[in-house]
Amino acid sequence: MDFSFTPEQLALRAELVKFARRELNEGLADRDRSHAFSREGWSRCAAMGILGLPFPKEYGGSDADVLTTLLAMEALGYGCRDSGLIFAMNAQMWAVQTPIWNFGTDEQKRRYLPRLCAGQSIGAHGMSEPDSGSDSSALATTATRRGDRWILKGTKTFVTNAPIADVFVVFATTDRSRGFMGLTGFVFEKGVKGLRIGNPIEKMGLRTSPMAELIFEDCELPSDALLGREGGGAEVFSSSMEWERGCLLASYLGAMEHQLETCVEYARTRRQFQRPIGKFQSVANKLVDMKVRLETSRLLLYRLAWLKTAGREAVTDAAIAKLYLSESWVQSCLDAIQVHGGYGYMSEFGFERDLRDSIAGRIYSGTSEIQRNIIATQLGL
Ligand SMILES: Cc1cc2nc3c(=O)[nH]c(=O)nc-3n(C[C@H](O)[C@H](O)[C@H](O)COP(=O)(O)OP(=O)(O)OC[C@H]3O[C@@H](n4cnc5c(N)ncnc54)[C@H](O)[C@@H]3O)c2cc1C
């Protein structure tokens, strides 16, 4: 395994860090307080080519390989403090664009991908329901054929980007007797008859990424809204989760690195008892543990990229990376607050926002408990 980067990859990383610092952070504290999404930040990221990174050039992307994509998302996580904006982009890239790219017809790719890559359209992904979260075999939303149409009935909840989305990828059951294997994916645009977007849902963190319910009241979809084959939803969903679990985490790496640097600087300069607090071993050990978690996370994620590049199956590796990185990010946020003492607790310094944002990582894209179940199954338990 060779994880060294080319000069071009390193130049891209440096450029993106500079861009993110300059263009994405202004006004963040206010946006966080008012739950406001930055459409401007979204457009700027699109103009930098972020939304199109791994997608084919013919559909508006850049054809970047997996490692370059991870590196770019890592750079964004390092330079951009608006984790909600990054999360909203990730939600679109891995759970909307990727399934269209991998399972869509040529017509669907041509219709949706260029606009999504260019930031002109925003995508949302609806799987979770009020009574079906971790257990995706229990979906209550149904899709039935009526003439040349599909009729969707049911409610999707916790849908990131729903209040601002133009394009939706949604899963419904077409054969309840087959549970998870009876799901089917659909892709369609806002404005279809019978689709209602619920009120925005307020969250503990990631407040700059909007969220709402999708309510399907005898919602009529054209026959070409089918994504993949009828009954092929499990495959579509699982493949996008593998991408999402890997790539979503890359921005955590950058964020952890940035946070560690900030903490080291503080521990060197903040003095108590006539010496820098970093000279107290119990403070230094927190920074050491942050560093060990960061480097372990990095290895897990780069190995995952290597497996994906080699076209190898990576379900367990993605679960290990998701579990370890999301838990590490929460712990690093707690350590950063502790190292900064009272200042760490005050909103002005942003550490409490990071902590609130980080906790979502234990829940979305499969909870930590579900990742452990995946790994346990692999162990034969
Ligand atoms: C910020 C955020 C953004 C999200 N964005 C989206 C989105 O865009 N689209 C979308 O479809 N969904 C989205 N979700 C929903 C997310 O995928 C679900 O919250 C998640 O899958 C868990 O489902 P649940 O909330 O219903 O919890 P439940 O499944 O009810 O779980 C409750 C608790 O029980 C545990 N548990 C459940 N089953 C098991 C088991 N078998 N073994 C051990 N423990 C178990 C869970 O780990 C958890 O601790 C988002 C969630 C968050 C927090």
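Where is glutamate 202 found?

Mentor: Good place to begin! Glutamate 202 sits in the loop between strand 6 (195–197) and strand 7 (211–222). Helices (H or I, at least four residues) and strands (E, at least two) are DSSP runs, numbered from the N terminus. Before we go on, keep in mind that this is a predicted model, in which local features need pLDDT of at least 70 and side-chain atom pairs count only at pLDDT 80 or more, while totals for chains, interfaces and linings use all residues. Residues are numbered from 1 along each chain as its sequence is written, and side-chain values use heavy atoms, with hydrogens and water left out.

Glutamate 202 is exposed, with a relative accessible area of 66%. Here exposed means over 50%, buried under 20% and partly exposed in between (1.4 Å probe, protein chains only). Along the chain, glutamate 202 is 168 residues from serine 34, yet their C-alpha atoms are separated by 9.9 Å.

Serine 34 takes us to helix 2 (28–34), where arginine 31 also lies. Arginine 31 counts as buried, at 12% relative accessibility. Not counting residues up to four places away in sequence, arginine 31 touches Leu24, Glu26, Ala36, Phe37, Ser38, Asp82 and Thr208, where contact means heavy atoms within 4.5 Å.

The C-alpha atoms of aspartate 82 and aspartate 354 are separated by 9.1 Å, although the two are 272 residues apart along the chain. Aspartate 354 has its place in helix 12 and is buried, with a relative accessible area of 8%. Leaving aside neighbours within four places in sequence, aspartate 354 is in contact with Gln259, Trp329 and Cys333.

Now look at the whole of helix 12 (residues 351–359), which is mostly covered: eight of its nine residues are buried. Those buried residues are Phe351, Glu352, Arg353, Asp354, Leu355, Arg356, Asp357 and Ser358. What covers them includes helix 2, helix 5 (83–103), helix 8 (250–269), helix 10 (315–339) and helix 11 (341–345).

Beyond four places in sequence, serine 368 is in contact with Leu323, Ser326, Glu327 and Arg362. For serine 368 and proline 56, 312 residues apart along the chain, the C-alpha atoms are separated by 32 Å.

Aspartate 63, in the loop between helix 3 (39–47) and helix 4 (66–79), has a phi near 60 degrees, a positive value in a residue other than glycine. Aspartate 63 is partly exposed, with a relative accessible area of 47%. Phenylalanine 158 lies in strand 3 (residues 149–160), and its phi, near 55 degrees, is positive as well. At 54% relative accessibility, phenylalanine 158 counts as exposed.

Aromatic rings come next. A search of the whole structure finds 13 aromatic pairs. In one of them, phenylalanine 273 and phenylalanine 280 are edge-to-face, at 6.3 Å centre to centre with 90 degrees between the planes. (Rings of Phe, Tyr and Trp, the last by its six-membered ring, pair if their centres lie within 6.5 Å; planes under 30 degrees apart count as stacked, over 60 as edge-to-face and the rest as tilted.) Phenylalanine 273 is exposed, with a relative accessible area of 66%, whereas phenylalanine 280 is partly exposed at 24%. Elsewhere, Phe55, Trp94 and Trp101 form one aromatic cluster.

Finally, step back. The chain has 13 helices and ten strands. Its radius of gyration is 21 Å, close to the 21 Å that the globule rule gives for 381 residues, so the chain is as compact as a globular protein of that length. (That radius is taken over C-alpha atoms, and the rule is 2.2 Å times the number of residues to the power 0.38.) Buried residues make up 55% of the 381 residues. Of the contacts with a separation of 6 or more, 75% join residues 24 or more positions apart.
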